[in-house]
Amino acid sequence: MLNFLGSRLLQMVPTLFFVSILIFSLQHLLPGDPALVMAGEERDPAVIEQIRKQYHLDRPIPVQYVYWVKGVLSGDFGESLRVKVPVRELIAQKLPVTLQLASMAIVIAFLIGIPAGIVSAVKQGTAWDYGANLFALWGISTPNFWLGIMLIFLFSIKLGWLPASGYVPLSENWHASLASTVMPAFVLGNAIAAILMRHTRSAMLQVLGSDYVRTARAKGLSERSVILKHAMRNALTPIITLGALELGTLLSGAVLTEQIFSIPGFGKLIVDAVFNRDYAVVQGVVLVTATVYLTLNLIADIAYVLVNPRLRG
């Protein structure tokens, strides 16, 4: 297990190195001069020259990259050009918001999608199967922005049960925090639940037709035991993969949903940074997102081993 974990960690190093080069290079292909952006409206030549020296913009791009990597390795992602705040602080402010929203969304997706997929596979060809497939089709085809607006109209305007927008940190008021994030979390989780349902159904149908499942039934085991202990466990591998990928997507920021519900998360941060040519913020957020993706893949690999002991060798 330790060898397996060590090999996966070693694979992350060159991947992050390649991603860092890609991020830094693409940023420098964008039009505009960062020094002019930082100088503001005055654009005094002396000030611009001072900015170039301060941020090493007068050095060759490979040298600039080395300075940036040194800062990143020490926890310094640079300073936002727009708000003059360290990027590390901006990430620390926005990441917990996105983590909460993504965690709630993925929990909703798992609670809806996996049971619906299991029922659909076990009850294949029945009304339960058709109903679950209809739900999946609805979840995949419903635009998030439309569903978000409809939820605001129903639960905020008509019923007055939930706030229409805004965010309250968990540390301030956990009840108000959950109330402010349950609707955007459902909007995000709805589409993922539909995808999970389809994958769970497909995996379960394949497993239910296996020899070991027929053998378990022939031994007289209850149908519940056959489904939950034998079939479901072996069908989890593709579900784990999909869950890790979808969670990574959520953590990278759900731009439309965050805009509709005024959630100050990663999505809004990266969009604002791109429009304002805030290079340091873009580089920092994308690098953190890539690291999160790789970490989630590592967790998924570990989950494979825990679910399927045959992979431990």
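Residues are called buried under 20% relative accessible area, exposed over 50% and partly exposed in between, with a 1.4 Å probe and protein chains only. This is a predicted model, in which local features need pLDDT of at least 70 and side-chain atom pairs count only at pLDDT 80 or more, while totals for chains, interfaces and linings use all residues. Residues are numbered from 1 along each chain as its sequence is written, and side-chain values use heavy atoms, with hydrogens and water left out.

**Confidence**
- The pLDDT, the predictor's confidence in each residue from 0 to 100, averages 81 over the protein, and 92% of the residues score at least 70.
- Confidence is lowest in helix α2 (residues 34–39), at a mean of 67, and highest in helix α5 (residues 87–122), at 89.
- Where pLDDT is low, the predicted coordinates should not be read in detail.

**Helix α4**
- Helices are DSSP runs (H or I, at least four residues) numbered from the N terminus, and α4 covers residues 61–73.
- Q64, Y65, W68, G71 and V72 of α4 are buried.
- Seen down the axis of α4, these buried residues fall within an arc of 125 degrees, so they line one face of the helix; the arc is that of the directions from the helix axis to the C-beta atoms.
- On the other side of α4, P62, K70 and L73 are exposed.

**Aromatic residues**
- Rings of Phe, Tyr and Trp (its six-membered ring) pair if their centres lie within 6.5 Å, and planes under 30 degrees apart count as stacked, over 60 as edge-to-face and the rest as tilted.
- By this rule the count comes to four aromatic pairs.
- F155 and W161 form a tilted pair, 5.9 Å centre to centre with 40 degrees between the planes.
- F155 is partly exposed, with a relative accessible area of 23%, whereas W161 is exposed, at 61%.
- F24, Y65 and W68 form one aromatic cluster.

Definitions and conventions. Helices (H or I, at least four residues) and strands (E, at least two) are DSSP runs, numbered from the N terminus. The expected span of a helix is 1.5 Å times one less than its number of residues.
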